[in-house]
Amino acid sequence: IAVIEDLSPLVVAALHRFLLAVLYRALEGPTDIEQAKAWFKSGWPDEKITAYLEKWRPRFWLFDEQYPFGQIPEFNPKAWRAWTVLAAEHNADNAKVLFDHVDVENPDDISEAVAVRWLLATQTFSVSAGKSELSHTGTAPSATAALTLPLGANLQDTLSFSLIPQNREVWVADLPLWERTPESLASLKNGVERPISGFTDRYTWRTRSIRLAPNDSDRIEKLAFASGVENASKDAVDPMLAYRIDEKKGKLPIQFRERGLWRDFDSLLPDDARLAPGVIEHATALTRLSRERFPRSVMVLGQANNKAKIEYWRMERFIL
């Protein structure tokens, strides 16, 4: 597989983060740079990935009664929402964008594949927005920052560049969405708040409580949609982000500006300040003795917002 592509930059970013979460759990590592270098040279142990996916296979069904993938099974809302609330491209079902011609009163339906891609993107990029049937929670971790992905000659190299070593003790508690028991509706109504436990948890954070409602053809017309889990780790570093130092607020992530990221391109380059994205520093370390596999380019993806309003979403690519 060469690359992951989608019409939405937000989906592309979310899918990479989802696959990285799968790899962290399946490989139980890397736990240090030497293990990461060994896998980069010889390839991942396929049998561990296969065994992990087989073990957790039941948790990846969209319409399972007990563990529907990425959803709250007992969530029966007061009012069902149109599927358009999932996608920034279609904005909310109560605030239309100029060139979005989907009729929210009769929006037709979407396939399971489209629904789950947007479900992942929604959990990654939702911003704080007004009232909620459940206890109000804020913006997704890193939702308004510029996410960085160094790109290799194929998808395996690309994912390897972002598979940063993590301490084994951290890994034990660093559970993804599908390995956790879904939060109860009662707890979500009262408000659930906890710190991020690691990269896997961060990449699969339940920002919104969702339940898809399939029609007779197993396509999605409507869904339940409300706030999810509040992030208590406001200052935790995301390895895909570049940072800057603000005199008053301290370390802040680099965000998209209207004229593009090229003005802040130097923020992507490692230096002594250690503010560059961890994924680029890791890619540099992996390829120090394999220069021919150094990232061919870097892709930066994300969105810009004004409070709860999304102003634009963007993908930019640079030769690294």
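These are my notebook entries on what I looked up in this predicted model.

**Ground rules.** I number residues from 1 along each chain as its sequence is written, and I leave hydrogens and water out, using heavy atoms for side-chain values. Since the model is predicted, local features need pLDDT of at least 70 and side-chain atom pairs count only at pLDDT 80 or more, while totals for chains, interfaces and linings use all residues.

**Entry 1: helix α9.** The buried ones are V279, I280, E281, H282, A283, A285 and L286.

Entry 2: R274 sits in the loop between β8 (250–253) and α9. Its phi is positive, about 55 degrees, although R274 is not a glycine. I made a note of that because most residues other than glycine have a negative phi. R274 is exposed, with a relative accessible area of 57%. It also forms a salt bridge with E281, the closest N and O atoms being 3.1 Å apart (a salt bridge is a side-chain nitrogen of Lys or Arg within 4 Å of a carboxyl oxygen of Asp or Glu). So I have an exposed R274 paired with E281, which is on the buried list of α9.

Entry 3: I located S142 in the loop between α4 and β2. Is S142 buried or exposed? It is buried, at 16% relative accessible area. Next I checked G29 and P30, which are joined by a cis peptide bond with omega of about 5 degrees. P30 lies in the loop between α1 (9–27) and α2. Most peptide bonds are trans.

Entry 4: I counted 13 salt bridges in the structure. One of them joins D6 and R117, with the closest N and O atoms 3.2 Å apart. D6 is in the segment before α1 and R117 is in helix α4, so this pair ties together parts 111 residues apart in sequence. D6 is partly exposed at 27%, and R117 is partly exposed at 28%.

Another pairs E183 with R206, at 2.7 Å from N to O. E183 lies in the loop between α6 (168–173) and α7 (185–190), and R206 in the loop between α8 (199–203) and β4 (208–214), so parts 23 residues apart in sequence are tied together. Here E183 is buried at 15%, and R206 is buried at 4%. I also wrote down a network in which salt bridges with shared partners join R17, R202 and D238.

**Entry 5: helix α4 again.** A113 is in α4, residues 112–125. I found A113 partly exposed, at 38% relative accessible area. A113 and L62 are 51 residues apart in sequence and 9.8 Å apart in space, C-alpha to C-alpha.

Notes: Buried means under 20% relative accessible area, exposed over 50%, partly exposed in between (1.4 Å probe, protein chains only). Helices (H or I, at least four residues) and strands (E, at least two) are DSSP runs, numbered from the N terminus.
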